[in-house]
Amino acid sequence: IGNGCDIIKNSKYAETFGIKDYYYGIVIFTFMIIITLMHIHQRNNNTYRIIALSLLISSIVAIYFLILQAFVLKAYCFFCLVVDISILIATAIFLKMK
């Protein structure tokens, strides 16, 4: 923690296809909030499958980012840890509810 956010934010891993990773996070979390609210309002198999797929992909990406922080960059960003761990907890809760 400490200056880990700066190390991560300025690393070559901070962008994918020339776009900062946190922009992807904003779009993905917004999408997941919307699809979850839609599913709560009117449950159906399509929204359920989209949520499941989104959580699966997000969990894989979260694990990748945690591995990058721990073993490649050897630096930790508090905010990245909160986001990545939150995704893993959300996935665990989703699987437990199934």
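**Helix faces, a surface patch and salt bridges**

Student: What is the relative accessible area of leucine 53?

Tutor: Leucine 53 is partly exposed, a class lying between buried (under 20% relative accessible area) and exposed (over 50%), with a 1.4 Å probe and protein chains only. The model is predicted, so local features need pLDDT of at least 70 and side-chain atom pairs count only at pLDDT 80 or more, while totals for chains, interfaces and linings use all residues. Residues are numbered from 1 along each chain as its sequence is written, and side-chain values use heavy atoms, leaving out hydrogens and water. For leucine 53, the relative accessible area is 48%.

Student: Which residues make the nonpolar surface patch of about 450 Å²?

Tutor: A patch joins residues with over 30% relative accessible area and no salt bridge, like charges within 9 Å and nonpolar side chains (Val, Leu, Ile, Met, Phe, Trp, Tyr) within 5 Å; areas come from the Shrake-Rupley method with a 1.4 Å probe, only the protein chains shown counting as cover for residues. One of its members, leucine 53, has its place in helix H3, helices being DSSP runs (H or I, at least four residues) and strands likewise (E, at least two), numbered from the N terminus. The patch is made by Leu53, Leu56, Ile57, Ile60 and Val61.

Student: Where around the axis of H2 do its buried residues lie?

Tutor: The buried residues of H2 are Asp21, Met32, Ile35 and His39. Taking directions from the helix axis to the C-beta atoms, they cover an arc of only 75°, which puts them on the same side of H2.

Student: Which elements do the buried residues of H2 pack against?

Tutor: The face turned away from the buried side of H2 carries exposed residues, among them Ile26, Val27 and Leu37. On the buried side, where contact means heavy atoms within 4.5 Å, the partners are strand E1 (15–16), strand E2 (19–20) and helix H3 (45–73).

Student: How far apart are the closest N and O atoms of aspartate 6 and lysine 9?

Tutor: Both residues lie in helix H1 (residues 4–9), three residues apart, about one turn of the helix. Aspartate 6 is partly exposed at 41% relative accessibility, and lysine 9 is partly exposed at 46%. They form a salt bridge, that is, a side-chain nitrogen of Lys or Arg within 4 Å of a carboxyl oxygen of Asp or Glu. Their closest N and O atoms are separated by 3.7 Å.

Student: Which residue meets lysine 20 in a salt bridge?

Tutor: Lysine 20 counts as partly exposed at 24% relative accessibility. The N to O distance in this salt bridge is 3.8 Å, and the partner of lysine 20 is glutamate 15.
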